Amino acid sequence: VFFEEALAPLFGYFAQTNLTPDLYMIGWVFTLFSKSLPLDIASRVWDVFFRDGDSFLFSTALGILRMYQSKLLQMEFENILQFLRKLPDDMDAEELFEHIKIVGLTPRKFQHTMVELVEINNVERKGRNKSAVSACG
């Protein structure tokens, strides 16, 4: 949801090339960006993450994608994966944090959207359960 809203052209390109967020996001989030970002930048991300919570991990991911969007749009599937798994060591921290800020994913917006998604999922699940019960009975 956040990716499509913030970076529609890149989202579309990734969908076209079948590059799903789980291919790079899991590594980013599970390691708190420690394997993909230079350590000095990762430590700044950790500081804000501990202050703001989970939403900042998604803000960081979107900031990275926004920062390199033009470059990523010119790459093939395998090159994109390699690039995203180990980001450039010469990454500019100030530029990244500016992109994170521009993305504008606040903790409040993140929480609100996550609650909406859970509610939608619950409604869909109830509908599927009713259909399954009707089919059996």
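**Entry 1: helix H4 and its partners**

I started with packing and found that the buried residues of H4 lie against helix H5 (55-67) and helix H8 (93-103). Contact here means heavy atoms within 4.5 Å. Helices (H or I, at least four residues) and strands (E, at least two) are DSSP runs, numbered from the N terminus.

A note on what I am reading: this is a predicted model, where local features need pLDDT of at least 70, side-chain atom pairs count only at pLDDT 80 or more, and totals for chains, interfaces and linings use all residues. Residues are numbered from 1 along each chain as its sequence is written, and side-chain values use heavy atoms, with hydrogens and water left out.

Which residues of H4 are buried? I listed Ile41, Ala42, Val45, Val48 and Phe49. Seen down the axis of H4, these buried residues fall within an arc of 125 degrees, so they line one face of the helix. The arc is that of the directions from the helix axis to the C-beta atoms. An α-helix has 3.6 residues a turn, so residues three or four places apart point the same way.

On the face turned away from the buried side of H4, I noted the exposed residues Leu39, Asp40, Asp47, Phe50 and Arg51. My cut-offs: buried is under 20% relative accessible area, exposed over 50%, partly exposed in between (1.4 Å probe, protein chains only).

**Entry 2: length and end of H4**

Just after H4, I found Gly53 with a positive phi of about 95 degrees.

**Entry 3: His99**

Next I looked up His99, which sits in helix H8. Is His99 buried or exposed? His99 is buried, at a relative accessible area of 12%. Setting aside neighbours within four places in sequence, I see His99 in contact with Gly63, Arg66 and Met67.

**Entry 4: the whole chain**

Stepping back, I counted nine helices and zero strands in the chain. Its C-alpha trace spans about 65 × 35 × 25 Å along the principal axes. Of the 137 residues in the chain, 36% are buried. Among contacts with a separation of 6 or more, 77% come from residues 24 or more positions apart.
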